[in-house]
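Here is my note on the model, as promised. Please read it with the structure open.

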Amino acid sequence: SSGINAEWPLRPGGKLCVIVDLVDQKHLLVDGPTTGVPRTVVRINQVSITDIKIDIPRGCKSKKVRVESEKAEVTSKFQNSGLFKKAEAKRSKAAMDDFGRFKARVAKVSRNRKIRSTVRKLKKSS
């Protein structure tokens, strides 16, 4: 089974859980005893599948999932992944206040000006 980042419930934000079984081509049985995701069936398009894997039998109990997840250090591996970093960046951007958005826009404009002037210089020299 592999670790997944489930949008649970009703897509509030990513919570890490484990695929326990495949129900059919479009549904997965997932369980996240360490992150508070209840054992439930979700649609495959509601999750982002990662390459983090743990060695569990198909359809095993939540206790076995918890033990194997902790042994494989799934949470720390996920926190080092690009998917987690992208989700954190999205959350921090959504939590910005008006002045934070203004500072980000000013920084983006100045960064783009520097890039544009460098590109112009390179075009002119070649």
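1. Basis. This is a predicted model, in which local features need pLDDT of at least 70, side-chain atom pairs count only at pLDDT 80 or more, and totals for chains, interfaces and linings use all residues. Residues are numbered from 1 along each chain as its sequence is written, and side-chain values use heavy atoms, with hydrogens and water left out.

2. Fold. The chain has five strands and four helices. Helices (H or I, at least four residues) and strands (E, at least two) are DSSP runs, numbered from the N terminus. Along the sequence the order is β-β-β-β-β-α-α-α-α. Of the 126 residues, 25% count as buried. Buried means under 20% relative accessible area, exposed means over 50%, and partly exposed lies in between (1.4 Å probe, protein chains only).

3. The β2-β3 pair. Strands β2 (residues 14-22) and β3 (residues 27-32) run antiparallel and are joined by four bridges. Two strands pair if DSSP finds at least two bridges between them. A hairpin of four residues connects β2 to β3. Leu 22 stands opposite Leu 28 in β3.

4. Which phi does Glu 73 have? The value for Glu 73 is positive, about 55 degrees, although Glu 73 is not a glycine. Most residues other than glycine have a negative phi. Glu 73 sits in the loop between α1 (62-72) and α2 (74-79).

5. Salt bridges, overall. A salt bridge here is a side-chain nitrogen of Lys or Arg within 4 Å of a carboxyl oxygen of Asp or Glu. The count by this rule is six. Side chains of opposite charge can pair when their charged atoms come close.

6. Glu 68 bridges to Lys 64, with the closest N and O atoms 3.5 Å apart. Is Glu 68 buried or exposed? Glu 68 counts as buried because its relative accessibility is 12%. Lys 64, at 36%, is partly exposed.

7. Glu 88 and Arg 91 meet in a salt bridge at 2.4 Å, N to O. Glu 88 is partly exposed at 33% relative accessibility. Arg 91 is partly exposed too, with a relative accessible area of 38%.

8. Asp 98 and Arg 101 form a salt bridge at 3.8 Å, N to O. Asp 98 is exposed, at 57%, whereas Arg 101 is partly exposed, at 44%. As for networks, salt bridges with shared partners join Lys 64, Glu 68 and Lys 71 into one.

9. Positive patch. Arg 113, Arg 116, Arg 120 and Lys 123 gather in a surface patch of positive charge. Patch members have over 30% relative accessible area and no salt bridge; like charges are joined within 9 Å, nonpolar side chains (Val, Leu, Ile, Met, Phe, Trp, Tyr) within 5 Å. Lys and Arg count as positive, and a charge is placed at NZ of Lys or CZ of Arg. Areas come from the Shrake-Rupley method with a 1.4 Å probe. Lys 123 lies in α4 (residues 98-125). Lys 123 is exposed because its relative accessible area is 65%.
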